[in-house]
Amino acid sequence: MNLLTRLNKVTAKTLFHTESLGSYFEPLIQRVKPAWRAHWFRAQVLSVKPLRDDVLQLELAPQKSWPQAKAGQHVLLTVELNGRLMTRPFSISSSPEQHHAQYPKTRVIRLTIKHNADGAFTSGLSRHITAGCYVNLSAPQGDFVLGESVVDLPETPLWFVAAGSGITPFMAMLHQLALSIKRSVLQSSSPIQLIYFAKAGEHLYVDELTALAQQIPQLSVKMLVRKNGDSLAAALQECPAASQVLICGPGKFKQDVDCQLDAINHPPQHRQAEYFQAPVLPQTDNGHQHIQLTQRGKQTQLILATNDTLLNGLELQGISANFGCRIGVCHQCQCVKKTGVVRNLRTGELSQQGEQLIQLCISQAVSPLELEL
Amino acid sequence: MNKNINFELLANELDDLKRQTLSEVGATDAAYIRKVIVWQRALEWGGRVLLMLGFIHPLCWVVGVLSLASAKILDNMEIGHNVLHGQYDWMNDPHINSRQFDWDIACDGKSWQRIHNYEHHTYTNVIGKDRDFGYGLLRLSNDFAWRVKNLWQFITYVNLSMLFQWGVSYHELAAERVFMGKKKQDRSSKVDASELKRRFFSKGGKQLIKDYLLFPLLAGPLFLWVICGNLIANLIRNLWTSTIIFCGHFTTDVHTFSQAECENETQGQWYYRQALGSSNILGGKLFHIFTGHLSFQIEHHLFPDLPSSRYQQVAPQVVAIFARHGIAYHTGPFLRQYSQVVKRILRYSLP
């Protein structure tokens, strides 16, 4: 922490009891500069376009200070939906240097967002987000990027294996490769294979992929449909052991790909993967649920009965959580739920999947949970 | 406790009302609290600047004091009190939630959450459990034996009101007997005495430095103007909050309860106790905002974590539910409620 940041922090803490001067003055500053927000990067929405009934494409212009993403990285998008700030991770489907004909002077990133079972976020997006409004971004994150090796080791064939909306990071990478070829930076002439599984008629960016295949001579694209008899085994059969394989899709899909690759003796160290659904804790049967608990940085795994309150459950396991009234009034037992769904016993309401504050004394686990006391 | 009330039905009706109202909470409530915060910041900084312009015309200074006092009242009541209750936690906003928020008064927010959110709101008006009833200083009902010091308790009350933020700040230390007296056997504190002391001095110290050293020093030659302005603004805020809070619990008809009465209480009985332990104040929209909607003390005690801006909306339905169950709904204009408070303090100064 540099001196200025520390000074800011100490002043804000002493005078205003806030985290920073920015967060104290934020409400005032936003009156003048709606694009401004403390501790988040802001981005203006340039366009909201439905690619399909259940897929939305956002084009965003991040503020200047936003660090450039590498192709394949994702970003946490935080949006205010009906007064509530909600955050979800999304891969960026445009490459860092990609040129956008419509906005030649602005830096633009594109997010491809699929409706999921937990529809609160995605359905809210299509209802409340329009061109011109502002959203919040984290810095780009993630290691699922094209390694330097792609450019340095021309002998390595590249295999991209995607399922459903897992195509998004690959769109960024392919655009990046196309640009490198255009500028003759990329020496490699070894084959690049894209295996893309989706339901019939649900492949995204078909036209764009066709155009990319023309720009990248060594790229071949296979759009496959499992129901039409295309199998993962057949698609991966030819994958050479020396190739670098990048996998993106649901967790189950990633497992299947790993199995197939193991079967043809492709070495696991030549694979990179990114899958949705955070590595979910296993579902237990008859009224129990897995809980991952973080207490002062220490992690514990627990199994709690689901017909009991979380507070009682934790206490039975010898974990002392802060508590007060035990009837949902005082909020002393409040903690952060990172992921998972809880039921509020007072209102019967089910929570959303993402991060939020919950009261242990009136909450029951409905799915596996990650909690931070 | 009145045995003729159908407590189960009462609980269902009030639970339904809460659920129904919570389902409507959303963008308007978030916009509302943000707007109040903008006003608070504008009044605070407008006030601080005007305080320094006193040399142009003394009226600037007067307006500055009033502006700063209003900002401090908003911060204390409509923002601080309600955010610390968790009323806006659903917004997921890192700056507007009960975990991180702290307010511009001497009391550490966490300490207040323990003593107010937990003790006062769980054991409202239960003698021996709710230390807000008389704050350990005043005798306000026959539940306490008369002592000689009660003779001059009106003066004690005036002093408490003027120093109210310090009273609130010292409340938990007094309850835990950190400095004086012997700790009660049945009190088990989750925070040890040294931590309580550290918090008390650190938060209080910051407040003193800010209003009586740093801002006056920034004003240079106008040091005294600013120091007096800050002192008066704090005094106005203290008197205002104390008065509003006393009107919420110490009017004539407010009931007290014994610990035995409240054992194994059902949800309906809990609601009933909140209803009889609180009283409202009639007033206009601005008045409600400056009381932090504690002019709807009854609704606040029934639903302490419902966003404050919704209390006006649920009040008529609460009145209707109480009427159906034959429960008294105590409300009245400010002067009537306040005169009842004064009478109560005076009445119980005598045996």
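**View 1. Salt bridges between chain B and chain A.** Three salt bridges are counted between chain B and chain A in this predicted model. In one salt bridge, Glu80(A) is paired with Arg34(B), and the closest N and O atoms lie 3.0 Å apart. Polar contacts across the interface of chain B and chain A comprise 20 residue pairs, with both residues at pLDDT 80 or more. On chain B, the side that touches chain A receives at least two residues from each of helix H1 (7-24), H2, helix H4 (109-122), helix H7 (193-218) and helix H9 (267-277). H2(B) provides the largest share of that side, namely nine residues.

**View 2. Extent of the interface between chain B and chain A.** The contact involves 46 residues of chain B and 43 residues of chain A. About 3,600 Å² is buried between chain B and chain A, and 55% of this area is on carbon and sulfur atoms. Of the area that chain B buries against chain A, 18% is supplied by Arg41(B), His95(B) and Arg99(B), more than by any other three residues.

**View 3. An aromatic pair that crosses between chains.** Over all chains, the count of aromatic pairs comes to 31. For Phe16(A) and Trp45(B), the ring centres are 6.0 Å apart and the planes meet at 65°; the pair is therefore edge-to-face, since an angle over 60 degrees falls in that class. Phe16(A) belongs to helix H1 (residues 3-16) of chain A, whereas Trp45(B) belongs to helix H2 (residues 27-52) of chain B, and the pair thus crosses between chains. Phe16(A) counts as buried because its relative accessibility is 8%, which is under the 20% limit. Trp45(B), with a relative accessible area of 24%, is partly exposed.

**View 4. An aromatic cluster in chain B.** Phe133(B), Tyr135(B), Phe154(B), Tyr157(B), Phe164(B), Phe246(B) and Phe250(B) are linked into a cluster by ring pairs.

**View 5. Arginine side chains over aromatic rings in chain B.** Arg48(B) places its charged end over the ring of Phe215(B), at 4.0 Å from the ring centre. For Arg347(B), the charged end sits over the ring of Tyr348(B), and the distance from the ring centre is 4.7 Å.

Conventions. Residues numbered from 1 in each chain as written. Chains lettered and ligands numbered in written order. Predicted model: local features only at pLDDT ≥ 70, side-chain atom pairs only at ≥ 80, totals over all residues. Heavy atoms only, no water. Phe/Tyr/Trp six-rings, centres within 6.5 Å; stacked < 30°, edge-to-face > 60°. Helix = DSSP H or I, 4+ residues; strand = E, 2+ residues; numbered from the N terminus. Buried < 20%, exposed > 50% of the residue type's maximum accessible area, 1.4 Å probe, protein only. Lys NZ or Arg CZ within 6 Å of the ring centre and 35° of its normal. Contact = heavy atoms within 4.5 Å. Buried area = accessible area lost by both parts, 1.4 Å probe. Salt bridge = Lys/Arg side-chain N within 4 Å of Asp/Glu carboxyl O. Polar contact = N/O pair within 3.5 Å; in protein donor to acceptor, adjacent residues only side chain to side chain.
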